[in-house]
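This report describes one chain of a structural model, beginning with the whole fold and ending with the contact to a neighbouring chain. Please keep the sequence and the coordinates in view while reading.

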Amino acid sequence: MPADSTGTADTPLTTSTGRKIRREEMVLNMGPQHPSTHGVLRLELVVDGEIVVDVIPHIGYLHRCFEKHSEAMTNYQQVIPYCDRLDYLASMNMDWAYALAGEKLLGIEVPERVEYIRVIMAELQRIASHLLALGTYGLDVGAFTPFLFMFRDREKILDLFEMTCGARLLYNYIWIGGLSHDIPPDFVTKTKEFCRYFRPNIKEFNDLLTFNEIFIKRTANIGILPADVAVSYACSGPMLRGSGVKFDLRKDDPYGIYDKFEWDVPVGTGEVGTVGDCWDRYMVRMREMEQSLNIIEQAIDRIPEGDVKSAVPRRIRPAAGDVYVRSESPRGEIGFYLVSDGTGSPYRLKARSPAFVNLSVCPEICRGYMIADIVAIVGSVDIVLGEVDR
Amino acid sequence: MTFDEITKRLRDAFGDAVVEAKSEGVPEPFLKVAPGKIHEIAALLNDDTVLRFDFLMCLSGVDNGKETLGVVYHLYSMEHRHRLALKTDLPAADPKLSTVSDIWPTANWHEREAWDMYGIVFENHPDLRRILLPEDYPGHPLRKDFKVPEFYNGMKVPY
């Protein structure tokens with residue numbers, strides 16, 4: 001290393017042959033086609049050597065005019081397939097969030113059987129989504145094997161969904177006022193089987209990845225997000241909880257029937273580094289899977305009998321008005337601002353997507369780290385570009 | 001705090017700038033304020049220890065029709081666990097209001113989106129660029145009077 005390598009940006013660098021070279025900041029383009037950006041995200045990195053001085057995210061490559069499309073629909077229910085495609089890794093949660101907004105606008109209550117099935121579906125979806133997030137996160141920082149293990153288990157959840165509604169990713173299952181159809185007869189036994197099978201695997205993931213020395217070196221003390229910054233940027237989900245803020249909409253602004261179950265909200269504690277680092281965000285997701293299993297196991301035995309379609313309105317024509325309804329998706333707070341003008345289609349629908357908001361804090365937590373750490377930081381935010389770009 | 005208490009507190013501080021408070025006959029109560037005062041009102045909502053709206057859940061642009069655009073702020077308090085919908089109306093011909101991104105940094109991207117989709121100008125915004133659409137896109141597509149251009153950069157728009 002040259003003797004003056006620690007000098008300021010103004011002092012020239014001398015090579016081994018005595019040649020003087022200037023030092024200055026450089027702009028480096030990362031993405032839109034980059035395996036670690038989890039889709040088409042472009043990051044403009046301003047770097048000083050290997051140190052990242054600033055990050056400017058560029059989004060919109062996957063913009064599909066969701067909000068414009070919704071206004072052109074002839075029926076409120078027709079929006080649901082588009083909601084599926086917002087966060088294509090957590091379609092159940094997206095559908096449910098939109099259904100909640102529609103139900104609040106109409107002022108309808110759904111049967112208890114529907115509530116139970118929705119909770120089970122949403123929690124299964126949360127596990128599936130977290131499995132993908134954690135698996136690809138391992139991949140981002142160089143651990144290939146856990147990815148295979150986690151995808152293996154995610155497939156089992158997708159099988160349950162396929163059995164229920166015929167689709168593996170985009171379900172169109174949760175409708176305003178109910179569900180598209182009832183669960184199949186052996187769904188309950190299959191789900192219980194899955195819970196029994198899956199619980200020991202979480203320990204296996206922990207042995208394989210979580211407490212792996214190299215993994216900890218790559219993620220602990222990296223991308224630290226302090227709690228006050230997280231709140232001012234309206235971060236939500238594991239991003240907020242990783243920073244030690246115990247806030248989960250399922251507990252703190254309950255919707256559905258979440259208040260009927262016993263479970264905990266895991267938060268980041270800085271176990272191997274600092275509170276709010278990448279490892280904490282990762283660990284919150286890992287622990288949330290356990291809690292989701294707890295909820296499913298309590299709910300699966302208590303599903304009451306009933307009709308899942310009895311409250312589905314034949315014609316949806318809410319009175320003029322607007323609501324903002326939020327719920328907890330695997331990535332955080334998914335909110336729908338739904339405006340009705342008294343006709344049969346939404347007048348305005350804005351999706352407040354958690355990944356969009358969580359990504360906006362990225363420049364704050366990337367500054368000062370190495371380029372390779374950016375991969376770890378962006379991975380720990382767990383973005384899905386489908387809902388960032390809508 | 002209940003909606004009525006929040007309304008009273010804002011009315012005491014800003015008087016006529018609180019144009020309308022509606023809690024009856026709507027799915028969700030809301031306050032409508034004058035656009036010129038939005039920055040002062042936002043600062044009070046955030047700083048006041050009793051109100052302490054520190055979490056801006058959502059900021060949406062809306063085309064109200066009748067030549068007006070709107071901006072809606074959905075606020076939440078992590079400390080007091082209360083929420084508020086705050087609305088303001090702007091003339092569609094010259095939609096301008098102050099940014100709140102210095103108060104709630106999360107508003108930065110939401111305001112860029114409202115500019116992108118509705119052409120609402122947020123004054124003093126640090127970086128008011130289009131966010132979802134290409135930089136050279138003509139017009140603001142979520143306005144109700146927007147017509148899809150026949151050609152974009154010399155390419156025929158298929159439908």
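## Overall fold

Among contacts in chain A between residues at least 6 apart in sequence, what percentage join residues at least 24 apart? In this predicted model, the share is 70%.

Chain A contains 15 helices and 10 strands. Its C-alpha trace extends over about 80 × 50 × 35 Å along the principal axes.

In general, the strands of a sheet pair through backbone hydrogen bonds, in either a parallel or an antiparallel manner. Here, strand 9 (residues 332–340) and strand 10 of chain A are joined by 5 bridges in the antiparallel sense. Within this pairing, Phe336(A) stands opposite Ala351(A) of strand 10, and Val339(A) has Arg348(A) as its bridge partner.

Strand 10 of chain A covers residues 348–352. It is largely enclosed by the rest of the structure, because 5 of its 5 residues are buried. Both faces are covered: Arg348(A), Lys350(A) and Arg352(A) are buried on one side, and Leu349(A) and Ala351(A) are buried on the other.

## Contact with chain B

The contact involves 28 residues of chain A and 24 residues of chain B. On the side of chain A that touches chain B, at least two residues each come from several elements, among them strand 8 (321–329), strand 9 and strand 10. Helix 1 (66–72), helix 3 (91–106), helix 8 (227–232) and helix 12 (354–360) also each supply at least two residues.

Strand 8 of chain A provides the largest share of this side, 5 residues. By class, the side of chain A that touches chain B has 12 nonpolar, 6 polar and 10 charged residues.

Note on methods: Residues numbered from 1 in each chain as written. Chains lettered and ligands numbered in written order. Predicted model: local features only at pLDDT ≥ 70, side-chain atom pairs only at ≥ 80, totals over all residues. Buried ≥ 20, exposed ≤ 12 C-beta atoms within 10 Å, placed from the backbone. Helix = DSSP H or I, 4+ residues; strand = E, 2+ residues; numbered from the N terminus. Pairing = 2+ DSSP bridges. Contact = placed C-beta atoms within 7 Å. Nonpolar A, V, L, I, M, F, W, Y, C, P; charged D, E, K, R; others polar.
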